[in-house]
Amino acid sequence: MLQRSAAWAVVVWLSAYATVCQAQDLPDSQNLNELWKHLSEKVPAMKTMGGRQFWGDVQFFQGWKIQQNVISQHYRLLDPSDQRHASGTLEECRQKLAEIREARKLPPMQGRAVILIHGIIRSSKSFEKMRLACLKEGWITIPFDYPSTQKTIPENARFLEQVIKSLEGVDEIDLVVHSMGGLVVRSWVDQQEEVDPRVRRMVMLGVPNRGADMADRFRSNLLFKVVYGPAGQQLVTELNGDFISSLPTPPFPFGVVAGGRDTLKGFNPLIRGDDDGTVSVSSTRLPGAADFVLLPVLHSFMMNDPQSISHTLRFLKTGKFRESGESQPIPEVEAAAAP
């Protein structure tokens, strides 16, 4: 009875947490393209009202984004301050961006870019401190948004593909991913005949590389299905589904950051072994990783934790998490271990 009560408490917490995360993510509108175009013509630069769970990035240039709405299928052009400058077809948004580039003399992109990829029910805003840290390093920083609760993981990977293809002039690309964002990258890799050679390194923060116990426990719960959508059903462990186990290991160097207490039991009693409150440490350990580090941080705060940021920047620069230069690679033999 106690365990059942605890399980329902977690369901309620997950729902409340998702509600808070999505409170800023209501769609701007679900009207037809003609209305969007009319509004954008009347008010060329209009602040968006959120709706991040209903939009996926398809193009990036110097902080400007073109996004597609997953309901109406129309597109919008946003500036770095989330002001909308155009709405309509993809071609119309691209034409408007070209005009803005010319009028404002925006220089071509060049050098190194870092793509920040959030987890389920979150948005790029959850990476704000990491974004600022990457900007201080002089890197082009791309806060990638995708409709995590509206589409499957492979469908969201196709949004990532479009953004990567749009990065003309960029020489190197690094990836920093949180939670399900890491599975989006692995799904993107699975869809490629040849992975873009510009991709250099990746840091995984609390990624359920072998599935999530919490998804196993609540996948049949109606509230969980509604809140977390089709992607939530794909987060089950290898024991209860074959989606995650079919995803390839990234062919480029990557490091894994896990959150936990470094004890036999973690922050959440409903998860087996050590955990960060949402994902078990063992699930994060993807065989083939160049380095691994365990930090005393909760899952939801990992992206903006000072230690996480410090370790992430160091790995992107050196391929190692620790100042000493020592590493703890995850051997391939762990592929057969239980999650």
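Phe-224 and Tyr-228 lie four residues apart in helix 8 (residues 222-233), so about one helical turn separates them. The model they belong to is predicted. This briefing covers aromatic pairs, charges over rings, and cysteines.

**Aromatic pairs**

- A search of the whole structure finds three aromatic pairs.
- One of them joins Phe-224 and Tyr-228: their ring centres are 4.8 Å apart and their planes meet at 20°, so this pair is stacked. The angle falls in the stacked class because planes under 30 degrees apart count as stacked.
- Phe-224 is buried, at 8% relative accessibility, and Tyr-228 is buried as well, with a relative accessible area of 6%.
- Phe-315 and Phe-321 form a tilted pair, because their planes stand at 35° with the ring centres 5.0 Å apart.
- Phe-315 has 0% relative accessibility and counts as buried; Phe-321, also at 0%, counts as buried too.

**Charges over rings**

- Arg-76 is placed over the face of Trp-55, and its distance from the ring centre is 3.8 Å.
- Arg-101 is placed over the face of Phe-61, at 3.9 Å from the ring centre.

**Cysteines**

- The number of disulfides in the structure is zero.
- Cys-93 has a relative accessible area of 0%, so this residue is buried.
- Cys-134 is likewise buried, with a relative accessibility of 0%.
- Both assignments follow because buried means under 20% relative accessible area.

Terms used
Residues numbered from 1 in each chain as written. Predicted model: local features only at pLDDT ≥ 70, side-chain atom pairs only at ≥ 80, totals over all residues. Heavy atoms only, no water. Disulfide = S-S within 2.5 Å. Buried < 20%, exposed > 50% of the residue type's maximum accessible area, 1.4 Å probe, protein only. Phe/Tyr/Trp six-rings, centres within 6.5 Å; stacked < 30°, edge-to-face > 60°. Helix = DSSP H or I, 4+ residues; strand = E, 2+ residues; numbered from the N terminus. Lys NZ or Arg CZ within 6 Å of the ring centre and 35° of its normal.
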